[in-house]
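Trainee: I've got the structure open, and I'd like to know where all these labels come from. Can we go through them together?

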Amino acid sequence: MPYPPPSRVPSGPRRRTLLVSAAGGALLTGCSAGPESGDDGPSATQRARARAARDSRGLLARYDAVLAAHPGLADRLRPLRAQVAAHAAAFTDGTAPTASATATASAAPVPAAEKDAVAGLAAAERALADRRAKDLLEAPGELARLLASVAAAGAAHAYLLTEGAR
């Protein structure tokens, strides 16, 4: 069975089509404003880092308020407070603070009973850990890893605060 002779018409796109496509693609790429263009303010990653830093500073303010109202809890809360301060620093590391990032959240009033104050801290830790776990799904690689790590630490803090009250 003999093979048919090769056709004279080349298969695939023509050279002129490829050149026009490449030039058009270069024009479209050059004209579009990407997420890192910097013209419209901070990128989504920078905004997410600033929000996470602000949230950590707000939680830190809650720890400070509870420690000020209940000095007897200092031995129990200081290690957790130190980790929350480290989380705030990790989110601001390498980024310039923005006006919204430097504002600290006002702390909620501290309950008179130590047990209620610790329960309030545990609830705040749990809520922030849950929010960060949701935020990491939309975050890019390195920020997602940081959010996951800090969310896990927050969940552990909530557990320690809850279990220590029993």
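Trainee: What makes Arg131 count as partly exposed?

Mentor: Keep in mind that this is a predicted model. The relative accessibility of Arg131 is 41%. Buried means under 20% and exposed means over 50%, with partly exposed in between, so Arg131 counts as partly exposed.

Trainee: And how do you know that Asp55 is buried?

Mentor: Asp55 has a relative accessible area of 18%. The cut-off for buried is under 20%, so Asp55 is called buried.

Trainee: Why is the pair Arg131 and Asp55 called a salt bridge?

Mentor: Their closest N and O atoms are 3.6 Å apart. The rule asks for a side-chain nitrogen of Lys or Arg within 4 Å of a carboxyl oxygen of Asp or Glu, so Arg131 and Asp55 form a salt bridge.

Trainee: How many salt bridges turn up in the whole structure?

Mentor: A search of the whole structure gives three. One of them joins Arg81 and Asp64, with the closest N and O atoms 2.5 Å apart. Here Arg81 lies in helix α3 (residues 74-92) and Asp64 in helix α2, so the parts tied together are 17 residues apart in sequence.

Trainee: Are Arg81 and Asp64 buried, partly exposed or exposed?

Mentor: Arg81 has a relative accessible area of 24%, and Asp64 has a relative accessibility of 33%.

Trainee: What separates Arg145 and Glu142 along their helix?

Mentor: Arg145 and Glu142 sit three residues apart in helix α6 (residues 141-164), which means about one helical turn separates them. They form a salt bridge, with the closest N and O atoms 3.0 Å apart. Both Arg145 and Glu142 are exposed.

Trainee: Let's go back to α2. Why is Ser56 called buried?

Mentor: Ser56 is found in helix α2, and its relative accessibility is 1%. Buried means under 20%, so Ser56 counts as buried.

Trainee: What makes the Ser56 and Arg132 pair a polar contact?

Mentor: The side chains of Ser56 and Arg132 make this contact at 2.6 Å. The limit is 3.5 Å for a pair of N or O atoms, where one must be able to donate a hydrogen and the other to accept it. Leaving out residues up to four places away in sequence, Ser56 touches Val84, His87, Ala88, Phe91 and Arg132.

Trainee: How do you know that α2 is roughly antiparallel to α3?

Mentor: The axes of α2 and α3 come within 8 Å and cross at roughly 160 degrees. Angles over 145 count as roughly antiparallel, so that label goes to α2 and α3. Residues making the contact include Ser56 and Asp64 of α2, and Arg81 and Val84 of α3. The crossing in which α2 passes α3 is left-handed.

Trainee: And what makes α2 roughly antiparallel to α5?

Mentor: The angle there is about 170 degrees, with the axes of α2 and α5 10 Å apart. With the cut-off at over 145, α2 is therefore roughly antiparallel to α5. Among the residues making the contact are Asp55 and Ser56 of α2, and Ala117, Arg131 and Arg132 of α5.

Trainee: Why is Ala117 called buried?

Mentor: Ala117 lies in helix α5 and has a relative accessible area of 2%. Since buried means under 20%, Ala117 is buried. Not counting residues up to four places away in sequence, Ala117 touches Val66, His70, Val110 and Pro111.

Trainee: Is His70 buried or exposed?

Mentor: His70, in the loop between α2 and α3, has a relative accessible area of 7%. Under 20% means buried, so His70 is buried.

Trainee: How many helices and strands does the chain have?

Mentor: The chain has six helices and zero strands. Buried residues make up 28% of its 166 residues.

How values were computed:
Residues are numbered from 1 along each chain as its sequence is written. This is a predicted model: local features need pLDDT of at least 70, side-chain atom pairs count only at pLDDT 80 or more; totals for chains, interfaces and linings use all residues. Side-chain values use heavy atoms; hydrogens and water are left out. Buried means under 20% relative accessible area, exposed over 50%, partly exposed in between (1.4 Å probe, protein chains only). Helices (H or I, at least four residues) and strands (E, at least two) are DSSP runs, numbered from the N terminus. Contact means heavy atoms within 4.5 Å. Axes are lines fitted to C-alpha atoms, for helices over the stretch in contact, and angles run from 0 to 180 degrees between N-to-C directions. Angles under 35 degrees count as roughly parallel, over 145 as roughly antiparallel, 65 to 115 as roughly perpendicular and the rest as oblique. A crossing is left-handed if the near helix is turned anticlockwise from the far one by less than a right angle, and right-handed if clockwise.
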